[in-house]
Amino acid sequence: MIDFIFGVSHPEHWHAMNMQQHPHHYSSLRHLGSNAVSFLQDRFGAGVYFNPYVEVNGVVIKYGVVSIDRLCRDLIDWETLYVAGRMHKPVKILCDDARVRLANQVNLTEAVRVALLTLPENFDQVELYERIAGISYVGDFRMTVGENPNKVRNIVGAQLDHFHRLYFSLLDDLPNVAILNNGRFQQNLNPKFRGLMVQKLPRTLYDLIMKEHRDHAARKHIEVPLNKFATYQQIAASPDLPLYMDQSLRAVIGRPALTQSIKGIFTAGIGKSSRYASAKLGKWVKAK
């Protein structure tokens with residue numbers, strides 16, 4: 001099954017037109033009208049409305065609908081990382097939109113910063129790309145049951161050249177990263193450079209990490225500098241930064257991933273939801 005994400009300017013109008021042309025794509029929720037469907041899309045879960053198991057010209061696809069505004073906010077601020085995380089991996093853009101293109105450049109750069117902040121001084125391209133590809137799965141309950149536990153490794157292994165094309169120029173532009181031979185990298189662990197990366201984290205993640213650090217400092221009776229730049233450097237030099245990052249990503253991802261999956265039971269319908277869950281569980285059991 002091939003996955004698509006459709007970013008649309010006016011979801012209610014889009015669903016109204018789509019329901020007229022393809023009513024069989026929808027569950028019984030279509031009887032409530034496009035207004036109810038667009039309301040459910042935006043107010044619950046991660047702001048995406050999925051129609052799975054749709055056959056188009058003999059090919060089975062799953063497509064999700066998200067508003068352009070919601071998509072751009074997720075790409076820039078990492079509100080849920082639901083779509084932004086998908087776009088950390090190589091994807092095919094079928095219809096270019098300037099806002100989304102620029103927002104995704106921000107998204108990819110932010111993914112590199114997060115990966116670098118949790119990697120050692122020396123690392124290779126596989127470690128980097130697996131760290132990036134795995135960001136959006138931290139705290140996702142589906143990785144515990146329902147998803148192939150080797151999913152991240154498989155994604156990177158099958159698309160290593162595509163990851164290289166997607167991220168190499170971004171890495172080449174970073175003053176604190178040196179590109180070595182044989183796909184290896186070296187980063188400067190100077191807190192000044194790393195503090196700048198902390199400062200430039202996506203807004204949602206930044207707020208959570210700052211809170212994690214303040215709470216940790218209060219428990220350990222560590223003084224937090226009044227100067228923000230000094231605080232960034234303190235966070236960057238902290239041995240607990242990987243823990244801050246993990247807990248903060250879980251806070252971003254966990255709830256939207258769960259509520260989006262619950263929403264999918266209603267948007268897809270019981271039959272398609274059961275079929276989808278069975279397929280996922282089958283892959284999970286096979287991988288085990």
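Trainee: Quick one to start: does N182 count as buried or exposed?

Mentor: N182 counts as exposed, at 78% relative accessibility. Here, buried means under 20% relative accessible area, exposed means over 50%, and partly exposed is in between, with a 1.4 Å probe and protein chains only. Before we go on, this is a predicted model, where local features need pLDDT of at least 70, side-chain atom pairs count only at pLDDT 80 or more, and totals for chains, interfaces and linings use all residues. Residues are numbered from 1 along each chain as its sequence is written, and side-chain values use heavy atoms, with hydrogens and water left out.

Trainee: Thanks! Where does N182 lie?

Mentor: N182 is in the loop between β5 and β6. Its phi is positive, about 60 degrees, although N182 is not a glycine. Helices (H or I, at least four residues) and strands (E, at least two) are DSSP runs, numbered from the N terminus.

Trainee: And how do β5 and β6 pair?

Mentor: β5 and β6 (residues 184–187) run in the antiparallel sense, with 3 bridges. One of the pairs puts A178 against its bridge partner Q186 in β6. For two strands to count as paired, DSSP has to find at least two bridges between them.

Trainee: What's the strand order in that sheet?

Mentor: The order is β4-β6-β5, an open sheet of 3 strands with antiparallel pairing. β4 (122–124) and β5 (177–179) are at the edges with a single partner strand each, so one side of each has no neighbour in the sheet. From one strand to the next, the twist averages 25 degrees. Axes are lines fitted to C-alpha atoms, for helices over the stretch in contact, and angles run from 0 to 180 degrees between N-to-C directions.

Trainee: Switching to the other sheet: what order do β1, β2 and β3 take?

Mentor: That open sheet of 3 strands is ordered β1-β3-β2, and its pairing is mixed. The edge strands, β1 (2–8) and β2 (49–56), each pair on one side only. Neighbouring strands are turned by 30 degrees against each other on average, direction ignored.

Trainee: Which sense goes with which pair?

Mentor: β1 pairs with β3 (residues 59–67) in the parallel sense over 7 bridges, while β2 and β3 pair in the antiparallel sense over 6 bridges.

Trainee: How many residues of β3 are buried?

Mentor: For β3, 7 of the 9 residues are buried, so this strand is largely enclosed by the rest of the structure.

Trainee: What sits between β2 and β3?

Mentor: Their hairpin has 2 residues between the strands, and N57 there takes a positive phi near 50 degrees. N57 is not a glycine, and it is exposed, with a relative accessible area of 77%.

Trainee: Let's do helices. At what angle do α5 and α7 pack?

Mentor: α5 (residues 125–134) and α7 (residues 160–172) pack at about 90 degrees, with their axes 11 Å apart. They are therefore roughly perpendicular to each other; angles under 35 degrees count as roughly parallel, over 145 as roughly antiparallel, 65 to 115 as roughly perpendicular and the rest as oblique. The contact involves Q125, V126, L128, Y129, I132 and A133 of α5, with L160, F163, H164, Y167 and L171 of α7. Contact means heavy atoms within 4.5 Å.

Trainee: Now S27, what does it touch?

Mentor: Not counting residues up to four places away in sequence, S27 touches Y49, F266, T267, A268 and G269. A polar atom of the S27 side chain lies 2.9 Å from the backbone oxygen of F266. S27 is found in the loop between α1 (11–21) and α2 (34–43), and it is buried, with a relative accessible area of 7%.

Trainee: Last one: is I209 buried or exposed?

Mentor: I209 is buried, at a relative accessible area of 1%. I209 lies in α9 (residues 203–220). Leaving aside neighbours within four places in sequence, I209 is in contact with L201, I235, Y244, M245 and S248. I209 and Q247 are 38 residues apart in sequence and 8.4 Å apart in space, C-alpha to C-alpha.

Notes: A polar contact is a pair of N or O atoms within 3.5 Å; within protein, one must be able to donate a hydrogen and the other to accept it, and residues adjacent in sequence count only if both atoms are side-chain atoms.
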